[in-house]
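Subject: Structure for your review

Dear colleague,

Please find below the structure that I am handing over to you.

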Amino acid sequence: MARPDPIEFARLKLVERVRAAFNDSSKGETPIPPSEEAFFAPDTPIRMVHADLVSMMVGGMSALLLQMLHPHALQGVLDFSNFREDMHGRLRRTARFIAVTTYGHRDDAEAAIARVNRIHAAVQGTLPDGTPYHATNPRTLAWVHVTEATMFLEAWLTHVKPQMPLAEQDEYFRQFALIARKLGADPVPESKAEAQAVFRELRTDLRPTKEARDVAQLVLTHKPPGPAGTIQPFLANAAVSLLPPFARTMLALENPGARATPSRLVTHALGSTMRWAFQQRP
(Lines give C-alpha, C1' and ligand atoms only; values in the text may rest on other atoms or scores of the structure.)
Protein backbone atom coordinates (compact mmCIF):
# COMPACT_ATOMS: atom_id res chain seq x y z
CA MET A 1 0.00 0.00 0.00
CA ALA A 2 1.45 3.34 -1.07
CA ARG A 3 2.17 5.80 1.72
CA PRO A 4 0.34 9.12 1.42
CA ASP A 5 2.39 12.04 0.10
CA PRO A 6 2.83 14.40 3.09
CA ILE A 7 3.23 17.43 0.82
CA GLU A 8 0.05 16.66 -1.07
CA PHE A 9 -1.74 16.03 2.23
CA ALA A 10 -0.61 19.43 3.52
CA ARG A 11 -1.74 21.10 0.29
CA LEU A 12 -5.21 19.59 0.48
CA LYS A 13 -5.59 20.51 4.16
CA LEU A 14 -4.67 24.12 3.38
CA VAL A 15 -7.24 24.25 0.58
CA GLU A 16 -9.84 22.79 2.94
CA ARG A 17 -9.15 25.43 5.61
CA VAL A 18 -9.29 28.31 3.16
CA ARG A 19 -12.54 27.10 1.64
CA ALA A 20 -14.04 26.73 5.10
CA ALA A 21 -13.10 30.33 5.93
CA PHE A 22 -14.89 31.67 2.85
CA ASN A 23 -17.97 29.43 2.92
CA ASP A 24 -20.47 29.40 5.77
CA SER A 25 -21.19 25.71 6.30
CA SER A 26 -24.05 26.56 8.68
CA LYS A 27 -25.86 28.00 5.67
CA GLY A 28 -24.91 25.14 3.39
CA GLU A 29 -22.46 27.26 1.41
CA THR A 30 -19.94 25.48 -0.79
CA PRO A 31 -17.25 26.90 -3.12
CA ILE A 32 -18.55 28.49 -6.32
CA PRO A 33 -17.79 26.00 -9.14
CA PRO A 34 -16.30 27.58 -12.28
CA SER A 35 -18.82 27.40 -15.11
CA GLU A 36 -18.42 27.20 -18.86
CA GLU A 37 -21.50 29.46 -18.97
CA ALA A 38 -20.00 32.28 -16.87
CA PHE A 39 -20.00 35.92 -17.95
CA PHE A 40 -16.26 35.70 -18.64
CA ALA A 41 -14.19 33.09 -20.45
CA PRO A 42 -11.40 31.15 -18.66
CA ASP A 43 -7.92 32.67 -18.63
CA THR A 44 -9.21 36.20 -19.30
CA PRO A 45 -7.88 39.07 -17.16
CA ILE A 46 -10.79 39.34 -14.75
CA ARG A 47 -10.73 35.62 -13.97
CA MET A 48 -6.97 35.68 -13.46
CA VAL A 49 -7.00 38.75 -11.17
CA HIS A 50 -10.01 37.67 -9.10
CA ALA A 51 -8.60 34.17 -8.58
CA ASP A 52 -5.64 35.39 -6.55
CA LEU A 53 -6.81 35.21 -2.95
CA VAL A 54 -4.10 37.24 -1.23
CA SER A 55 -3.91 40.16 -3.66
CA MET A 56 -7.72 40.33 -3.65
CA MET A 57 -7.70 40.56 0.15
CA VAL A 58 -5.15 43.38 0.05
CA GLY A 59 -6.89 45.21 -2.77
CA GLY A 60 -10.27 44.70 -1.11
CA MET A 61 -9.11 46.36 2.09
CA SER A 62 -7.69 49.29 0.13
CA ALA A 63 -10.95 49.67 -1.79
CA LEU A 64 -13.03 49.59 1.39
CA LEU A 65 -10.88 52.31 2.95
CA LEU A 66 -11.39 54.51 -0.12
CA GLN A 67 -15.12 53.81 -0.19
CA MET A 68 -15.52 54.99 3.40
CA LEU A 69 -14.31 58.44 2.34
CA HIS A 70 -17.51 58.83 0.30
CA PRO A 71 -20.13 60.20 2.73
CA HIS A 72 -23.03 58.40 1.03
CA ALA A 73 -21.30 55.02 0.94
CA LEU A 74 -20.12 55.48 4.54
CA GLN A 75 -23.55 56.40 5.86
CA GLY A 76 -25.17 53.44 4.15
CA VAL A 77 -22.70 51.13 5.88
CA LEU A 78 -23.18 52.83 9.26
CA ASP A 79 -26.98 52.73 9.03
CA PHE A 80 -27.61 49.33 7.45
CA SER A 81 -24.57 47.07 7.86
CA ASN A 82 -23.63 44.86 10.81
CA PHE A 83 -19.97 44.93 9.79
CA ARG A 84 -18.88 46.01 13.27
CA GLU A 85 -20.36 42.86 14.81
CA ASP A 86 -19.59 40.54 11.88
CA MET A 87 -16.66 41.86 9.86
CA HIS A 88 -15.70 38.39 8.66
CA GLY A 89 -19.25 37.64 7.54
CA ARG A 90 -19.45 40.83 5.50
CA LEU A 91 -16.13 40.17 3.80
CA ARG A 92 -17.15 36.58 3.12
CA ARG A 93 -20.40 37.71 1.45
CA THR A 94 -18.50 40.19 -0.69
CA ALA A 95 -16.01 37.50 -1.70
CA ARG A 96 -18.83 35.13 -2.69
CA PHE A 97 -20.49 37.84 -4.78
CA ILE A 98 -17.26 38.48 -6.66
CA ALA A 99 -16.74 34.73 -7.11
CA VAL A 100 -20.21 34.01 -8.49
CA THR A 101 -20.23 37.00 -10.84
CA THR A 102 -16.74 36.17 -12.11
CA TYR A 103 -16.79 32.36 -12.33
CA GLY A 104 -20.32 31.15 -11.66
CA HIS A 105 -23.03 30.25 -14.15
CA ARG A 106 -24.48 33.42 -15.63
CA ASP A 107 -27.93 32.58 -14.23
CA ASP A 108 -26.48 32.39 -10.72
CA ALA A 109 -24.56 35.61 -11.35
CA GLU A 110 -27.71 37.41 -12.52
CA ALA A 111 -29.56 36.17 -9.42
CA ALA A 112 -26.79 37.46 -7.14
CA ILE A 113 -26.82 40.86 -8.86
CA ALA A 114 -30.62 41.07 -8.58
CA ARG A 115 -30.35 40.25 -4.87
CA VAL A 116 -27.83 43.05 -4.30
CA ASN A 117 -29.99 45.49 -6.27
CA ARG A 118 -32.99 44.62 -4.05
CA ILE A 119 -30.90 45.25 -0.95
CA HIS A 120 -29.64 48.56 -2.31
CA ALA A 121 -33.21 49.68 -3.07
CA ALA A 122 -33.97 49.66 0.66
CA VAL A 123 -30.78 51.46 1.74
CA GLN A 124 -31.60 55.14 2.03
CA GLY A 125 -31.61 57.87 4.64
CA THR A 126 -30.01 61.19 5.43
CA LEU A 127 -26.49 62.32 6.19
CA PRO A 128 -25.80 64.17 9.48
CA ASP A 129 -26.20 67.47 7.59
CA GLY A 130 -29.65 66.43 6.33
CA THR A 131 -28.59 65.55 2.80
CA PRO A 132 -30.53 62.53 1.53
CA TYR A 133 -28.62 59.49 0.32
CA HIS A 134 -29.65 56.37 -1.54
CA ALA A 135 -27.58 53.26 -2.27
CA THR A 136 -28.90 53.19 -5.85
CA ASN A 137 -27.29 56.55 -6.65
CA PRO A 138 -25.31 55.82 -9.86
CA ARG A 139 -22.47 58.14 -8.88
CA THR A 140 -22.01 56.50 -5.47
CA LEU A 141 -22.08 53.07 -7.09
CA ALA A 142 -19.51 54.31 -9.60
CA TRP A 143 -17.14 55.23 -6.76
CA VAL A 144 -17.60 51.82 -5.16
CA HIS A 145 -16.89 50.14 -8.48
CA VAL A 146 -13.89 52.20 -9.57
CA THR A 147 -12.19 51.80 -6.19
CA GLU A 148 -12.66 48.03 -6.28
CA ALA A 149 -11.51 47.63 -9.87
CA THR A 150 -8.53 49.96 -9.39
CA MET A 151 -7.35 48.46 -6.10
CA PHE A 152 -7.90 44.81 -7.10
CA LEU A 153 -5.80 45.40 -10.20
CA GLU A 154 -3.18 47.47 -8.39
CA ALA A 155 -2.72 44.73 -5.79
CA TRP A 156 -2.34 42.17 -8.60
CA LEU A 157 0.25 44.34 -10.33
CA THR A 158 2.15 44.95 -7.10
CA HIS A 159 2.16 41.44 -5.65
CA VAL A 160 1.61 39.03 -8.54
CA LYS A 161 2.25 40.21 -12.09
CA PRO A 162 3.87 43.65 -12.43
CA GLN A 163 4.60 42.95 -16.11
CA MET A 164 0.90 42.58 -17.04
CA PRO A 165 0.49 44.28 -20.46
CA LEU A 166 -1.56 47.48 -20.56
CA ALA A 167 -3.91 45.87 -23.09
CA GLU A 168 -4.78 43.18 -20.54
CA GLN A 169 -5.26 45.83 -17.84
CA ASP A 170 -7.68 47.66 -20.14
CA GLU A 171 -9.49 44.40 -20.81
CA TYR A 172 -9.86 43.87 -17.06
CA PHE A 173 -11.70 47.18 -16.71
CA ARG A 174 -13.82 46.43 -19.78
CA GLN A 175 -14.88 43.09 -18.34
CA PHE A 176 -15.58 44.40 -14.84
CA ALA A 177 -17.71 47.16 -16.38
CA LEU A 178 -20.34 44.54 -17.22
CA ILE A 179 -21.02 43.90 -13.52
CA ALA A 180 -20.89 47.60 -12.60
CA ARG A 181 -23.55 48.51 -15.16
CA LYS A 182 -25.83 45.71 -14.00
CA LEU A 183 -25.56 47.19 -10.50
CA GLY A 184 -26.52 50.64 -11.77
CA ALA A 185 -23.17 52.45 -11.63
CA ASP A 186 -22.50 55.45 -13.85
CA PRO A 187 -19.96 56.54 -15.08
CA VAL A 188 -18.27 53.19 -15.64
CA PRO A 189 -14.71 53.08 -17.06
CA GLU A 190 -13.71 50.57 -19.74
CA SER A 191 -9.95 51.13 -19.70
CA LYS A 192 -7.25 52.02 -17.20
CA ALA A 193 -7.05 55.59 -18.49
CA GLU A 194 -10.82 55.97 -18.16
CA ALA A 195 -10.67 54.54 -14.64
CA GLN A 196 -8.04 57.08 -13.65
CA ALA A 197 -10.19 59.88 -15.08
CA VAL A 198 -13.34 58.67 -13.27
CA PHE A 199 -11.34 58.31 -10.04
CA ARG A 200 -10.17 61.93 -10.33
CA GLU A 201 -13.69 63.16 -11.09
CA LEU A 202 -15.35 61.33 -8.19
CA ARG A 203 -12.60 62.21 -5.74
CA THR A 204 -14.29 65.60 -5.37
CA ASP A 205 -17.19 63.86 -3.56
CA LEU A 206 -14.97 62.58 -0.74
CA ARG A 207 -14.89 63.95 2.80
CA PRO A 208 -12.52 63.24 5.72
CA THR A 209 -14.63 62.36 8.76
CA LYS A 210 -14.12 60.83 12.17
CA GLU A 211 -16.51 58.04 11.21
CA ALA A 212 -14.43 57.17 8.13
CA ARG A 213 -11.29 57.10 10.25
CA ASP A 214 -12.99 54.88 12.83
CA VAL A 215 -14.08 52.39 10.17
CA ALA A 216 -10.58 52.42 8.69
CA GLN A 217 -9.09 51.50 12.06
CA LEU A 218 -11.62 48.71 12.48
CA VAL A 219 -10.84 47.30 9.02
CA LEU A 220 -7.09 47.46 9.57
CA THR A 221 -6.96 46.12 13.13
CA HIS A 222 -9.64 43.43 12.91
CA LYS A 223 -8.03 40.01 13.36
CA PRO A 224 -9.90 36.94 12.17
CA PRO A 225 -9.64 33.83 14.36
CA GLY A 226 -6.89 31.30 13.86
CA PRO A 227 -3.60 31.63 11.93
CA ALA A 228 -5.12 34.27 9.63
CA GLY A 229 -5.03 36.73 12.52
CA THR A 230 -1.23 36.48 12.63
CA ILE A 231 -0.78 37.69 9.06
CA GLN A 232 -3.52 40.33 9.19
CA PRO A 233 -1.18 43.21 10.21
CA PHE A 234 1.08 42.48 7.23
CA LEU A 235 -1.85 42.48 4.79
CA ALA A 236 -3.19 45.67 6.38
CA ASN A 237 0.15 47.43 5.87
CA ALA A 238 0.19 46.23 2.28
CA ALA A 239 -3.32 47.65 1.80
CA VAL A 240 -2.35 51.03 3.24
CA SER A 241 0.72 51.10 1.00
CA LEU A 242 -1.54 50.88 -2.07
CA LEU A 243 -3.59 53.92 -1.08
CA PRO A 244 -2.87 57.23 -2.81
CA PRO A 245 -1.24 59.73 -0.42
CA PHE A 246 -4.33 61.97 -0.28
CA ALA A 247 -6.43 59.05 1.03
CA ARG A 248 -3.92 58.21 3.75
CA THR A 249 -4.01 61.85 4.83
CA MET A 250 -7.82 61.96 4.88
CA LEU A 251 -7.95 58.75 6.93
CA ALA A 252 -5.12 59.84 9.27
CA LEU A 253 -3.07 56.79 8.29
CA GLU A 254 0.71 56.76 8.31
CA ASN A 255 2.72 55.65 5.32
CA PRO A 256 3.97 52.17 6.32
CA GLY A 257 7.50 53.27 5.46
CA ALA A 258 9.99 50.67 6.69
CA ARG A 259 7.12 48.31 7.52
CA ALA A 260 6.25 48.09 3.84
CA THR A 261 9.16 45.77 3.08
CA PRO A 262 8.31 42.94 5.50
CA SER A 263 4.63 43.34 4.60
CA ARG A 264 5.44 42.92 0.93
CA LEU A 265 7.63 39.89 1.63
CA VAL A 266 4.91 38.22 3.71
CA THR A 267 2.24 39.09 1.15
CA HIS A 268 4.33 37.66 -1.70
CA ALA A 269 5.15 34.50 0.26
CA LEU A 270 1.54 33.94 1.29
CA GLY A 271 0.32 34.58 -2.23
CA SER A 272 2.78 32.08 -3.67
CA THR A 273 1.72 29.50 -1.10
CA MET A 274 -1.96 29.95 -1.95
CA ARG A 275 -1.31 29.72 -5.69
CA TRP A 276 0.63 26.50 -5.04
CA ALA A 277 -2.16 25.11 -2.87
CA PHE A 278 -4.87 25.88 -5.41
CA GLN A 279 -2.59 24.92 -8.33
CA GLN A 280 -2.91 28.32 -10.00
CA ARG A 281 -0.49 30.16 -12.22
CA PRO A 282 -0.08 33.95 -12.20
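A salt bridge is a side-chain nitrogen of Lys or Arg within 4 Å of a carboxyl oxygen of Asp or Glu. Please note that this is a predicted model. By that rule, the count comes to eleven salt bridges.

One of them joins Glu29 and Arg96, whose closest N and O atoms are 3.8 Å apart. This pair links distant parts of the chain, with Glu29 in the loop between α1 and α2 and Arg96 in helix α5, 67 residues apart. Glu29 counts as partly exposed, at 22% relative accessibility.

A second pair is formed by Asp52 and Arg275, with 2.6 Å between the closest N and O atoms. Here the two residues are 223 residues apart: Asp52 lies in the loop between α2 and α3, and Arg275 in helix α13. Asp52 is buried, at 3% relative accessible area, and Arg275 counts as buried too, at 10%.

Arg174 and Glu171 also form a salt bridge, again with closest N and O atoms 2.6 Å apart. Both lie in helix α8, three residues apart, which is about one turn of the helix. Arg174 is partly exposed at 41%, and Glu171 is partly exposed at 25%. Elsewhere, salt bridges that share partners join Arg139, Glu201 and Asp205 into one network.

The structure also holds one cavity of 30 Å³ or more, with about 40 Å³ of space in the largest cavity. Its lining divides into seven nonpolar residues, no polar ones and one charged. Among the lining residues are Leu64, Phe83, Arg90 and Val215. Helices α5 and α10 each supply at least two residues of this lining.

Yours sincerely

Methods
Residues numbered from 1 in each chain as written. Predicted model: local features only at pLDDT ≥ 70, side-chain atom pairs only at ≥ 80, totals over all residues. Heavy atoms only, no water. 1 Å grid on protein atoms, 1.4 Å probe; cavity = no way out; pocket = protein on both sides within 12 Å on 5 of 7 lines; lining within 4 Å. Points joined across faces, edges and corners; volume = space filled by probe spheres on them. Helix = DSSP H or I, 4+ residues; strand = E, 2+ residues; numbered from the N terminus. Nonpolar A, V, L, I, M, F, W, Y, C, P; charged D, E, K, R; others polar. Buried < 20%, exposed > 50% of the residue type's maximum accessible area, 1.4 Å probe, protein only.
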